[in-house]
Amino acid sequence: MKTIIEPFRIKMTEALPLTARGDREACLAEAGHNVFLLDADRVTIDLLTDSGTGAMSDRQWAAMIRGDESYAGSSSWRAFERTVREITGFRHIFPTHQGRAAERILAATRLRAGDVVPNNGHFDTTRANIEYVGAQAVNLPCEASRDLHAPTLFKGNMDVAALERLLDSESGEHVPFCMITVTNNSGGGQPVSLENIRAVRSVLDRHGKPLIIDACRFAENAFFIHENEPGQARNSLLEIAQEMFSLADGATMSAKKDGLANIGGFLACHDDGWADEFRNLLILTEGFPTYGGLAGRDLEAIAVGLMEALDPDYQRYRHATVEYVAGALTALGVPIVQPAGGHAVFLDAAAFCPHLAPRDYPGIGLVNALYVEGGVRAVELGSVMFGARGADGSETPAPHELVRLAFPRRVYTQSHFDYVVETIAMVHRARDAIRPHRIIRQAPFLRHFTARFGPA
Ligand code: F0G
């Protein structure tokens, strides 16, 4: 069959808020023109994030009923630990309440002021946790990623030569570990090949440096490898994931993505010394090491969800959905990052709004227009989220002005996505009307969450 169907049917429904344009304009003004500050019951199709927004399966809900809420050594923890160990092979596994808690523990224990952490693309929370302890987060995306529109495979790869140069330079001795993010969320949800991870690993081995995988979307990455990397089609997604993790010394994970859960995460490593430090800080801020800030039922949901994410039928449907939207937008002449990512379609807001400069925050203008037009909530990944700010208040724009339409897992149907495409098409036709924005109020870091905007 050519038609790839949702490999599930719907057992429970949740009403979608349908709102009028005037209502949406008023809500947006009240929210300081920042869609993060909207009430969700004013949003019709919510593509703000794929994080924690997925629909759980009946098997996950059934497992949650079994949740063992014992403070220490619960059977739910054992189920979680068994599954995470089967997939990752790590010796030490620590549950955390979400990905950034794992990042914070890693940064607080392994980094000092002045350290440098390379990554193919740090996500905002990873960068913020690294900078919070006075270290520097450096992005080393591969050359091919600079061209947003070239449909090159594995554009999430790290620039291995740049990593080598960094490690050979004076900064090299200040690199305590290297990270690699699968898939590269801030770079368009693009995958990283096994070949690239192996090449990174061998450079790091030569310099005696450990590798940490930011594994949020490890199963989507495994599917890209399965489909596109020579020789990998014969391996299962689980085997590919196992090989990815076998190349690393540790991992941070947000189970809100490929854990198919609404909350949770983990930190994992092989090294006993690292594990002692992780455990001590975990107990101080997250909880006892067998629950780490999660309820037993959350651990159960994640244990089931991690394996469901490695189901090839699920991944085939998920990737087909993203490609369906990407294909429809491309046919309409809407500029998007090519190829489509694993969890999202990224609009190129700079190309979408050629009349706006980076300092006009074209991504914010586009996000707001999508909300007013159709009640669709997207997110800016441009100069508001990633622009660098100097001590004197000056700003260096981000390399790209992107708007992400993230796809919650197993939530929306094809007709919902047809509606999204129609909304984008209407905004695209009237794109000259997208307005510049200015920041009226902002926080010192992670400003995109709470900033308030006004017209320029
Ligand atoms: N790393 C990556 C690559 C991420 O995409 C995220 C979260 C995190 C780490 C942090 O995980 O949210 O569980 O603390 N990304 C979400 C997003 C928020 O919308 O892309 P968390």
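Contact here means heavy atoms within 4.5 Å. The model shown in these views is predicted.

**View 1. Proline 191 and its contacts.** Proline 191 sits in the loop that links strand 5 (178–181) with helix 7 (194–207). Neighbours within four places in sequence aside, proline 191 is in contact with Phe154, Lys155, Gly156, Asn157, Thr183, Asn221 and Phe224. Its relative accessibility is 4%, so proline 191 counts as buried, the cut-off being under 20%. From proline 191 to leucine 366 the C-alpha to C-alpha distance is 26 Å, and the two are 175 residues apart in sequence.

**View 2. Phenylalanine 218 in the largest nonpolar core.** This core has 57 residues. Leu163, Val200 and Phe218 touch the most other members. Helix 8 (residues 218–228) gives the core its largest share, 6 residues. Beyond its neighbours within four places in sequence, phenylalanine 218 contacts Ile87, Val182, Ala241, Met244, Phe245, Met253, Asp258, Leu306 and Leu310.

View 3. In soluble globular proteins, nonpolar side chains tend to be buried together.

**View 4. Glycine 296 in helix 11.** Glycine 296 belongs to helix 11 (residues 296–308). With a relative accessible area of 4%, glycine 296 is buried. Residues up to four places away in sequence are not counted here; glycine 296 touches Gly67, Asp68, Glu69 and Ser76. Glycine 296 and glycine 52 lie 17 Å apart in space, C-alpha to C-alpha, and 244 residues apart in sequence.

Definitions and conventions. Residues numbered from 1 in each chain as written. Predicted model: local features only at pLDDT ≥ 70, side-chain atom pairs only at ≥ 80, totals over all residues. Heavy atoms only, no water. Core = buried A, V, L, I, M, F, W, Y, C linked by side-chain atoms within 4.5 Å. Buried < 20%, exposed > 50% of the residue type's maximum accessible area, 1.4 Å probe, protein only. Helix = DSSP H or I, 4+ residues; strand = E, 2+ residues; numbered from the N terminus.
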